[in-house]
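Me: I have a protein model to read and I would like to learn the terms as we go. Can we take it feature by feature?

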Amino acid sequence: MFTISEVYSQQKNLALGKSVTANSENPQYPVHNVVDGKITRNSKWMSDNVRPPHILEIDLKEYCNISGIVIHTGIPDSERSAAEFSQAAGFFSAKNFKLQYWDDANWTDIPNTEVHENRLTEVKFSISPAINTFRLRFVCDDGEPINIMELQVFGTETGRAAPVLNVTGLEKKSVIAADQDISIKIEDKVIGKSMKYVGYNQGYYLPGSNASGWVEYSGVNSLRIWTSLNSYVPLKAVEVDKAISSVEDFDKRKMELRNNPENNKFLKWDILLPLYKKPEESSTNPMVLDYVLSELKRLKIDPVVQVSGTDFSDLWSNKWQQWQRFYALAYYMAKTGDVTMLALQNEPNHRNSGPMKLDQWISAMQIVSDALTSAIADVNKKYGKNLKAQMVGPVTAGNNPEWWTAIAKNVRTDYHGKPVNHDLISLFSTHSYNSPAAGYANRVKEISKIISDNHPSGTTIPVVYTEIGRWMNAYLIDKEETMDSPSLFTEWAGIYSNNTRNGAYGMWAFKFANTTSDVYSMGIKSGHHFTWQGKRIIEDAYKNLLENRPVKSYNNSAAGAVTDGLKSDISSWKSDSSATEKWLEFDLGSSKKIGSSIVYTGSAGGVYTSPDRIKNFSLQYYSNGEWKDIPGTVEKANKYAQLYRKFKQPVETNRVRFISDDPGVLKVREIKVFAEGDGPSDTENYDVSGIQRTGEVVRLFAEGFKEERPLYSSIISKNDENLDVMTSYDAKAGNYYIWLVQRGSYADRISLDLSSLGIATGVPVTIESVSHHSYGEVTGVQSLPGNKKINIVLMPQSVMLLTIPKGLTTKQIFKAVADATVSGGKNSPQNYGTMEELKIALDASRPDNNQAAFIRFSPAKNTAGVSRALLKVNGRNATDTATMRFHVYAVPGAKWDEKGINWSNAPQLNNEGFIKEVGRTAFVAGELAFNSTKMDHYLDVTDILKNHPAESYTFIMVRETRQMGDDEDKGRTISISSKEGQAAAQLEIWYKGK
């Protein structure tokens, strides 16, 4: 028995020294390096910084029988530095690629050589039977430059010369650098439909939190929630009988249970029901199931319930046990929350998820699908509902044609082994990470083809991504990119575009919020929202005992920047690279009892982003003549640029030391310690604290492209792989939506022709944008002219959603009837209701400086006829040229007196400057971002008026702390014109009809 490596060692590398071309190359690392026989990072092909696909092509000059191919990518272990060894496996490798061969007429995929989410530096393919060809291609759709050190091809030469082809090699990719003019005409021609589901994977969801408010704001119509059999249907709550040995025994008990689902000898509802009313905190997504079901039902959001459970076997006693458990959970959730979608075991093929064997999963599918279908049928019968069961599966990780093929073949075979006339799976689900937009150009179609090629009736099943992300967290944590980065949120927007055009039925973004886990103690970086992870840590509000205290370093270099209160890159200390052990020692001045600390290392960029962070360190205290580790502060493989730690027990000392043995130059920006008891409240807090730009992209896409709306054809004057254009129509709202994405570093001056769509003259065209300077606000409002053509500029790396009512509208403007600033701290009793400017400011260290603005409107008409509604305010950052963003909340029906309102009595404002009752009496309206230019800003508040009708609406504008260490706007003030000023706030409403 030969290993694949032994087989290759006995064969010739047919690619060595052969002719090779690529569609791009970095001049420093030309493509001929991949066939030079050297496997080293110093001799590699690196693609240029162009859009994928990245293609290289090898000409073998004669026909060869190819039996194996080896791709060497990334960095060999022997050449990785100490810092590079700390990166996740595959961090530097090509991740998504396939191999093709020339079949004398076409480029054809080599079977079983498509790879997604690769984590290897050496990827080997054994090809059997051998392929006869003289040309090979490597095609990679990674979104950044890739590197291949060597591509080896093994097999035998035939001696038959290759024909002379009339080709000039791969066309080199060009990079567009200059702004361009583009004409787009939207045709009245339906070419498909949008996704049914635009959803999220849940974060924390507990009673008393503001999660519902932010979920509502997101506009998604589905949420994937996480449950487990052990938590929600423990074995003690069902019949466990090892004597059950046949399908006949199974069917008999099943029939008896279904005759009376809520009162039978099998299901112990007295054990089950209390479980659904209390917090389930064993997972990384704590929630109260009853609360979540009721909230999602209220918000008209469809849950996909992911159920963890791998205990499946071929024993009928086991099948009965598992059937009961899934039936009980499905029955309760359908009865209580109208739940119809259920998924079995997350990523069953993943090594960390069991894993389940393929035949085991197929057998489980047959049991679970029947349990779900039976439960929902019984709920329908008993409660007069009309729910339709939808099993979601197989929720596989990565590219798995073997699983997909086998499941498709068995999707119409029930647990009796008999064929049925319906699919056991209603939604065919998989997961995908680490691919850019281009990686999804054909993927859904390819999965659909695998299903239809193997389906008993030759049909396909709707394909969904129940988990999808631009990057998995293990990679993102070590990248400069964040979920706010234009390079990331525009790729995210493009992933929506390509999957929609491919016919995807749904996407559930991972993840709603930056929740914690055993691996990520301070939360994942890939959350679309920030959230307090049990503790609201606002370190700027605590007294730093090290501020301006003396500090000395191991090499006597100046280190005062570490205690100067600043966290910037400019104000930091750097070690040399020679010492094995590096330390900083702090003098507290006198003995103090300290209970917590926060350490900032590496480059500034928030909690997460700092590839140069210090990964291994500890804090020590001096006691009885020796240095001792402070319990709870010894860090190994630290993942965060700023790290808060509450000590396992307080320590009393007059000196503190930071010490690390990481190699190379270390960078420390600031270290703070706090007295025992001076820190976050012991009251748990799982509130969402803000949204990232990717979250705003999700919101805009959900607004325009959920619920299977018709898609319309576009004629575009230029072929630009960075530009996405999609148009949908929502008959219920009466709106057209146009989705525009530009991933390049240049702007598009767009002439947009809407004349084919029958839109009324004069309707408002509102443009919501996510860009370098925008966070989802309305950046443009135009009245559609008689020729139905408008001009807009799509900025570099930006996303736009245009909303255009089809029918006639009538505009009415309402001016603010009351407005006021409130100020915290010692100013809390003061009223500022007559000032000409409203103020917004945040300073957790000095509550006197905190300010928030309140504006109230009283629309004269019933909101039922509202077509569009915009909040308009005029203001600027009155302090400097930076862009300062803040939250806007709406409080329908709030009553307050302009001349009596202050910080202490302002509606929904707590003492710390956070808004209360969000999702219940206050609702997220969005974000605004001001720079130093005084100008009008708009926010789309249509859904606020439609979903929460009231006689008046108060809008609260407040700069809330979004995450630990968020003090970037300290010292800045937003100034907004009040009704006493020159440009009072307005509520602009367009009503349907004349």
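Reply: Start with the elements. Helices (H or I, at least four residues) and strands (E, at least two) are DSSP runs, numbered from the N terminus. T803, for one, is found in strand β34, residues 798-805. This is a predicted model: local features need pLDDT of at least 70, side-chain atom pairs count only at pLDDT 80 or more, and totals for chains, interfaces and linings use all residues. Residues are numbered from 1 along each chain as its sequence is written, and side-chain values use heavy atoms, with hydrogens and water left out.

Me: Is T803 buried or exposed?

Reply: Buried means under 20% relative accessible area, exposed over 50%, and partly exposed in between (1.4 Å probe, protein chains only). T803 has 0% relative accessibility, so it counts as buried.

Me: Which residues does T803 touch?

Reply: Contact means heavy atoms within 4.5 Å. Leaving out residues up to four places away in sequence, T803 touches E703, N735, Y736, Y737, P764, V765, T766, E768 and R868.

Me: How do I read the overall fold?

Reply: Count the elements, then check the dimensions. The protein has 15 helices and 45 strands. The radius of gyration is taken over C-alpha atoms, and the globule rule is 2.2 Å times the number of residues to the power 0.38. For 994 residues, a compact globule would have a radius near 30 Å; the protein has 30 Å, which agrees. Its C-alpha trace spans about 90 × 75 × 75 Å along the principal axes. Buried residues make up 61% of the 994. Among contacts with a separation of 6 or more, 79% join residues 24 or more positions apart.

Me: How is empty space found?

Reply: Rolling a probe the size of a water molecule over the atoms shows where empty space is left. The search uses a 1 Å grid over the protein atoms alone. A cavity is a set of points where a 1.4 Å probe fits but cannot get out; a pocket is an open set with protein on both sides within 12 Å along at least five of seven lines. Lining residues have an atom within 4 Å of a point. Grid points are joined across faces, edges and corners, and a volume is the space filled by probe spheres set on the points.

Me: What lines the second largest pocket?

Reply: This pocket holds about 1,300 Å³ of space. Its lining has 42 residues, with E216, G219, K706, D943 and N947 nearest the centre. Elements that each supply at least two lining residues include α3 (211-218), α14 (693-705) and α15 (942-947). For classes, Ala, Val, Leu, Ile, Met, Phe, Trp, Tyr, Cys and Pro count as nonpolar, Asp, Glu, Lys and Arg as charged, and the others, Gly among them, as polar. The lining has 14 nonpolar, twelve polar and 16 charged residues.

Me: How covered is α3?

Reply: Mostly: seven of the eight residues in α3 are buried. Among them are W214, V215 and Y217. Just after α3, G219 takes a positive phi of about 75 degrees.

Me: How many cavities does the search find?

Reply: Eight of 30 Å³ or more, across the whole structure.
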